[in-house]
Amino acid sequence: MTEAWRPDDEDERRGAAGPVRVRVPAKVNLHLGVGPLRRDGYHELNTVYHAISIYDELTARRGDTLALTMEGEGTGELALDDTNLIIRAAHALAGYAGVLPHARLHLRKQIPLAGGLAGGSADAAAALVACDALWGTGLSRDELAGIAADLGSDVPFLIYGGTALGTGRGEAVSPVLVRPTTWHWVVAIADGGLSTPAAYRELDRLRDSGAAGAPLGSTDALLGALRQRDPRVLARTLGNDLQDAALAMRPTLADTLKAGEAAGALTGIVSGSGPTCVFLAADAASAERIAAELTTAGVCRQARVAHGPVAGARIS
């Protein structure tokens, strides 16, 4: 009779002995083109993802069960049970690799909840990378991204980071290959969040009533602007089809956008489904000034400077 597999057997010991810490960035959509509703309930997307330097950190340690604790943004609001994307990601990886889903996970969260910055997706990506190292499953980034696609549309991008084109419902990711350029951003974080599904429903309602703006269409202009490496050129090409919906759901965001541009931003857009607004600055010094003026104006809970592109989920 074959001896039963035990957690302390060689298969378990092949992973990391000590804690694994993974840092994962937020994302913004430089272009978010929303197509028609598909039969599977998702919208067809044509988007350009961009990872920026606002980070969550996930630490994974050996454990006898799977457990999650957290600190920072959303503590007391974010469920830590099986509905959490971190727990779901750990189970998905364990099932794929044929290992027991045993780990003690701790999240230090700085990306706001329901802010349009893919904080939940970022944490799922971090869980895949951290648990892969902890358990020694040895999967490639592409394999992890394949698991990630079943967890959420933005999760595969956060495995890779950088700047990338997203198609399908956003889960099909292709890197944008341009010469290295650092872009400077101001991130205006609002009080409270907005539901992504609700934002898509509102966009559908606005389109049905004829109240939405014209769809964005192709990403060609934005991709060309990235190659020119001039923030003023890039500013003219940023766009988000969900912005109309976010403004309808949270009209005060119009004041935030106006304040950012009045403070010297080259342009500002709602990030993803909102309510976070992001502003492109000419340089790092300009970004600092814009953030200070937004804070003084009181049009957001917090204004933070960031840069991009940055790498996706990585062991730190």
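Which strand does His31 lie in? I found His31 in strand 1. Helices (H or I, at least four residues) and strands (E, at least two) are DSSP runs, numbered from the N terminus.

**Ground rules.** I am working on a predicted model, where local features need pLDDT of at least 70 and side-chain atom pairs count only at pLDDT 80 or more, while totals for chains, interfaces and linings use all residues. Residues are numbered from 1 along each chain as its sequence is written, and side-chain values use heavy atoms, with hydrogens and water left out.

**His31.** His31 is buried, at a relative accessible area of 3%. For this I take buried as under 20% relative accessible area, exposed as over 50% and partly exposed as in between, with a 1.4 Å probe and protein chains only. I then listed contacts, meaning heavy atoms within 4.5 Å. Leaving out residues up to four places away in sequence, His31 touches Asn46, Thr47, Val48, Leu216, Gly217, Ser218, Thr219, Leu222 and Gly239.

**Helix 2.** I checked its length against expectation, which is 1.5 Å times one less than the number of residues. Helix 2 covers residues 85-97; its 13 residues should span 18 Å, and the end C-alpha atoms are 18 Å apart, which agrees. I noted Leu85, Ile86, Ile87, Ala89, Ala90, Leu93 and Ala94 as its buried residues. They pack against strand 2, strand 3 (66-72), strand 4 (103-109), helix 3 (119-135) and helix 4 (141-149). At the N-terminal end, Asn84 is the cap, with a side-chain oxygen 2.8 Å from the backbone nitrogen of Ile86. A polar contact here is a pair of N or O atoms within 3.5 Å; within protein, one must be able to donate a hydrogen and the other to accept it, and residues adjacent in sequence count only if both atoms are side-chain atoms. Just after helix 2, Gly98 has a positive phi of about 75°.

**Helix 6.** Helix 6 has 14 residues and reaches 20 Å from first C-alpha to last, close to the 20 Å expected. Ala198, Ala199, Tyr200, Glu202, Leu203 and Leu206 are buried in this helix. Those buried residues pack against strand 1 (20-37), strand 2 (43-61) and helix 9 (243-249). Ser195 caps the N-terminal end, placing a side-chain oxygen 3.2 Å from the backbone nitrogen of Ala198.

**Aromatic pair.** How many aromatic pairs does the structure hold? I found 1. Tyr49 and Phe157 form a stacked pair, 4.7 Å centre to centre with 15° between the planes. Tyr49 sits in strand 2 and Phe157 in helix 5 (residues 155-160), so the pair links parts of the chain 108 residues apart. Rings of Phe, Tyr and Trp (its six-membered ring) pair if their centres lie within 6.5 Å; planes under 30 degrees apart count as stacked, over 60 as edge-to-face and the rest as tilted. Tyr49 is buried at 0% relative accessibility. Phe157 is buried too, with a relative accessible area of 0%.

**Cysteines.** I searched the whole structure for disulfides, meaning cysteine sulfur atoms within 2.5 Å, and the search gave 0. Cys277 is in no disulfide; its nearest cysteine sulfur, that of Cys300, is 8.5 Å away. Cys277 is buried at 0% relative accessibility. Cys300 counts as buried at 15%.

Most residues other than glycine have a negative phi, and most peptide bonds are trans. I therefore logged the exceptions below.

- A cis peptide bond joins Gly274 and Pro275, with omega about 5°. Pro275 is in the loop between strand 9 (267-270) and strand 10 (277-281).
- Gly308 and Pro309 are also joined by a cis bond, with omega about 0°. Pro309 lies in the loop between strand 11 (302-308) and strand 12 (314-315).
- Ala114 has a positive phi near 50°. This residue lies in the loop between strand 4 and helix 3, and Ala114 is partly exposed at 45% relative accessibility.
- Arg229 has a positive phi of about 65°. Its loop runs between helix 7 (220-228) and helix 8 (231-235), and Arg229 is partly exposed at 34%.
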